[in-house]
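Please look over the notes below alongside the model.

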Amino acid sequence: MTGKRQKASNHMKKWQCLVCDLIYDEAEGWPDDGITPGTRWEDVPQDWKCPYCGVGKEDFEMIEIKEPAASSGSPSITENTDIAIDESLEPIVIIGAGMAAYNLVKEVRKLDKNTPIKIISSDDGNLYYKPNLSCMLTRGKFPDELVMTHDLVVDVMPFTQITALDPENKQITAGHETIKYAKLILATGAEIIRLPIKGDGASSINSINNLLDYRKFRSDLVGKSHVTIIGAGLIGCEFANDLLNAGIKVEIIDMFDHCMPNLLPQAVGKVVQNALTDLGAKFHFKTKAENVNKDDGKFRIVLSNGMKINTDLVISAVGLKPRIELAQAAGLAVNRGIMVNRYLTTSEPDIYAIGDCAEVEGHNLMYVEPLLICARALAASLTGTPTMVHYNAMPIIIKTPACPVSLCPAPENALGEWHIDAEGNDIRAIFTSPEGEILAFALTGKYAPHHQTLKEQLPKILNDDSEI
């Protein structure tokens, strides 16, 4: 936020985004969006969206927080501090320090204030809202401003690699240290898919999957005016919009014929393409980057169709895959992700998986809302109340302000067809089964806010009566 924040008044309420944990404090308002300090929630415009994740007012709930979340306006996890850790207890150990890990700690601490919790992280272990990586330039923010404060009582071991997992003895090896656990949670996230690109510049391609990657990217971006993105999927389009908003020229390469082909029908993908093109983007579809060479700080990309692109910086945004190596080496059942049941239990007792690495009864959903749902359910299970995960339809909000998009993707291998109503860049696309059941939707422009109404008509992803 650029505006000054006032100290919260005891007479004012606070509202929390259920998706990204952002706090709207009535005493502070949200001046960047013209909402002055002291604006009551009921007086906030109905079409106001969460500045961090894009959901509407219906996805906020009133909360009580003892202290202001953060003077900078960044979202923050805050909890009661009346916690007395019992060091005689074996800890809950979480491998990974992403949103899944920290939201699980937040939920556990609501129910258990005594059990030690240890997070082991391969990076710096900072808490931040990862989806914001693709919109920081638009908001005029720097990497350090993405870090969120919290007062959770948790022991964080940063820059630590796990070298062995021993389920039989309920212990892990981290460097030269052996750590016992009562419960182990794998929150190892997902890793970048690496493309087989040739050339001496291939190793200098930026892949942005965490805050450390983003810091390097922002450092590399200084003084640059032209960026080429490999991949026109969700992340590629979000980064393209962010760079264009910052006045940087952008070219985008993709093997398919429209934006976000795994999520959007062609008509909707073309609308996103047109909106980004109007901002200055240049697309190269139905081709791929074969060689990336570097000369005097510049990159030269050779495409499979013979075209050449000269650029200052290259970003690869072709997707992620779950990190399963640690689980696989320990003998846990894996598929695309680490296989878990509706209680998020792996094939080994007292070992669970959550977040991007977890495959919940065949569903590997790398989005924020399922992560939060799993954190609440698993926290209850870990503290003595076995709780199943329930997935209703969960809309995805894509941060491309040039063309706002909300969608629910179709189930894998679903039979049906798209029905599209278009008014310029405003599209309402509905995917229905042969029996006429609505299975998915994609909405742009003025239709994008209607996702909450449409999602109620979609089937549940995990039915309440699903077998374990």
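1. Buried here means under 20% relative accessible area, exposed over 50%, and partly exposed in between (1.4 Å probe, protein chains only). By that cut-off Phe 60 is buried, with a relative accessible area of 7%.

2. This is a predicted model: local features need pLDDT of at least 70, side-chain atom pairs count only at pLDDT 80 or more, and totals for chains, interfaces and linings use all residues. Residues are numbered from 1 along each chain as its sequence is written, and side-chain values use heavy atoms, with hydrogens and water left out.

3. Rings of Phe, Tyr and Trp (its six-membered ring) pair if their centres lie within 6.5 Å; planes under 30 degrees apart count as stacked, over 60 as edge-to-face and the rest as tilted. The whole structure holds 10 such aromatic pairs. One of them, Trp 15 with Trp 41, is stacked, at 5.0 Å centre to centre and 15 degrees between the planes.

4. Trp 41 is itself buried, at 8% relative accessible area. Its ring and that of Phe 60 have centres 5.1 Å apart and planes at 45 degrees, so this pair is tilted. Ring pairs link Trp 15, Tyr 24, Trp 41, Trp 48 and Phe 60 into a cluster.

5. Helices (H or I, at least four residues) and strands (E, at least two) are DSSP runs, numbered from the N terminus. Helix H4 (residues 266–279) is followed by Gly 280, whose phi is positive, near 120 degrees. The buried residues of H4 include Val 268, Val 272 and Leu 276.

Conventions: The expected span of a helix is 1.5 Å times one less than its number of residues.
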